Amino acid sequence: MELQILGSVAPFCSLDKNCSGFLVTDGLNKILLDCGPGVTRLMDMEKMLDNLTIFITHLHKDHYSGLLELGPASYVYHNLGYLNREIDVYIPNADKIYVDDYYKDNEGWCNRRKIKTNIPDYTYLTNFGKEQYFNINDYNEKDKFRIGDIKISFKKTKHNLTNYAIKLESNNYKLCYSGDTGYDEELCKFFSNADLLICEATFLKGQNRKGNNHLYAHEAAKLAKLSNVKQLMLTHFWPTIDKELYRKEAIDIFENTIVAEEGKKLILK
């Protein structure tokens with residue numbers, strides 16, 4: 001397997017840095033973990049669209065809005081005869097919200113009530129329009145997939161929208177990707193003994209974090225150590241902060257730490 005880093009920052013692109021995207025290639029099969037804005041800048045469309053499956057960890061736009069570029073690309077390549085199979089896109093099952101609904105009663109009076117509905121991002125993606133060659137479906141924590149020799153499973157994380165960490169397992173390699181998450185040691189069993197853990201590290205010590213939706217770099221390192229992984233790759237950086245600062249914070253706890261760098265490729269053995 002080969003891993004190509006397409007994006008590593010959030011919540012916006014900056015210069016040569018893109019939002020979240022990690023492409024795993026195993027033979028003819030390709031698996032894209034998240035598709036944030038900017039990732040298509042590093043994609044060779046003629047080679048990468050065939051046999052491509054996309055998993056979106058959660059429905060925040062910095063993790064899925066690259067689909068707005070990939071959709072038209074898939075549509076054009078299909079119409080030109082270069083893409084014969086729809087790109088499977090899997091998004092998390094919908095979070096629910098309450099919205100105002102206005103209606104008239106039998107006497108013609110206007111009334112307001114609260115109704116439960118899907119979040120707008122889910123509705124948008126599941127009604128994505130005609131100019132794309134996608135097969136969009138949702139998934140949940142209990143679902144499991146097999147793509148070629150790779151088994152794919154999920155674990156819900158602590159976040160303000162439903163987010164699933166993703167595990168890819170082949171016969172001789174285990175890769176885990178956190179998506180967005182707050183600190184939760186229950187993830188350690190899911191990450192256990194991974195060869196590579198790609199983990200968000202949104203904050204540095206001294207920065208103010210409200211709630212438990214993201215990790216400090218040292219927390220990502222602690223999860224890696226508790227999970228007994230072989231290597232930790234930090235990602236989800238603030239676009240204008242030197243990535244080396246995140247690595248320095250993490251290596252005090254977990255020495256074998258690297259940072260995600262756009263365009264870099266790793267051979268996964």
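# Chat about a predicted model

Visitor: What is the relative accessibility of Glu185?
Guide: Glu185 has a relative accessibility of 42%, so it counts as partly exposed. Buried means under 20% relative accessible area, exposed means over 50%, and partly exposed lies in between (1.4 Å probe, protein chains only).

Visitor: Where do these values come from?
Guide: This is a predicted model, in which local features need pLDDT of at least 70 and side-chain atom pairs count only at pLDDT 80 or more, while totals for chains, interfaces and linings use all residues. Residues are numbered from 1 along each chain as its sequence is written, and side-chain values use heavy atoms, with hydrogens and water left out.

Visitor: OK. Which residue forms a salt bridge with Glu185?
Guide: Lys222 does, with the closest N and O atoms 3.8 Å apart. Lys222 is in helix 6 (residues 217–227) and Glu185 in the loop between strand 12 and helix 5 (187–191), so the pair ties together parts that are 37 residues apart in sequence. Helices (H or I, at least four residues) and strands (E, at least two) are DSSP runs numbered from the N terminus. A salt bridge here is a side-chain nitrogen of Lys or Arg within 4 Å of a carboxyl oxygen of Asp or Glu.

Visitor: How many salt bridges are there in the whole structure?
Guide: The search finds eleven. One of them joins Glu244 and Arg247, with the closest N and O atoms 2.7 Å apart.

Visitor: How far apart in helix 7 are Glu244 and Arg247?
Guide: They are three residues apart in helix 7 (residues 243–251), so about one helical turn separates them. Glu244 is partly exposed because its relative accessibility is 25%.

Visitor: Different topic. Which residues does Thr257 contact?
Guide: Apart from neighbours within four places in sequence, Thr257 is in contact with Leu232, Leu234, Arg247, Ala250 and Ile251. Contact means heavy atoms within 4.5 Å.

Visitor: Is Thr257 buried or exposed?
Guide: Thr257 is buried, because its relative accessibility is 4%. Thr257 lies in strand 15 (residues 257–259).

Visitor: How many bridges does strand 5 have with strand 8?
Guide: Strand 5 (residues 87–92) pairs with strand 8 over six bridges, in the parallel sense. Within that pairing, Val89 has Ile136 as its bridge partner in strand 8.

Visitor: And strand 12, how are strand 11 and strand 12 joined?
Guide: Four bridges join strand 11 (residues 164–169) to strand 12, and the two run antiparallel. They form a hairpin with four residues between them. Strand 12 is also joined to strand 13 (residues 196–200), by three bridges and in parallel.

Visitor: Last one. Which residues of the largest nonpolar core touch the most other members?
Guide: Ile54, Leu67 and Leu70 do, out of 31 residues. Helix 3 gives the most to this core, with four residues. A nonpolar core is a set of buried Ala, Val, Leu, Ile, Met, Phe, Trp, Tyr and Cys residues joined through side-chain atoms within 4.5 Å.

Visitor: What does Leu67 touch?
Guide: Not counting residues up to four places away in sequence, Leu67 touches several residues, including Ile54, Val89 and Phe134.

Methods: Pairing = 2+ DSSP bridges.
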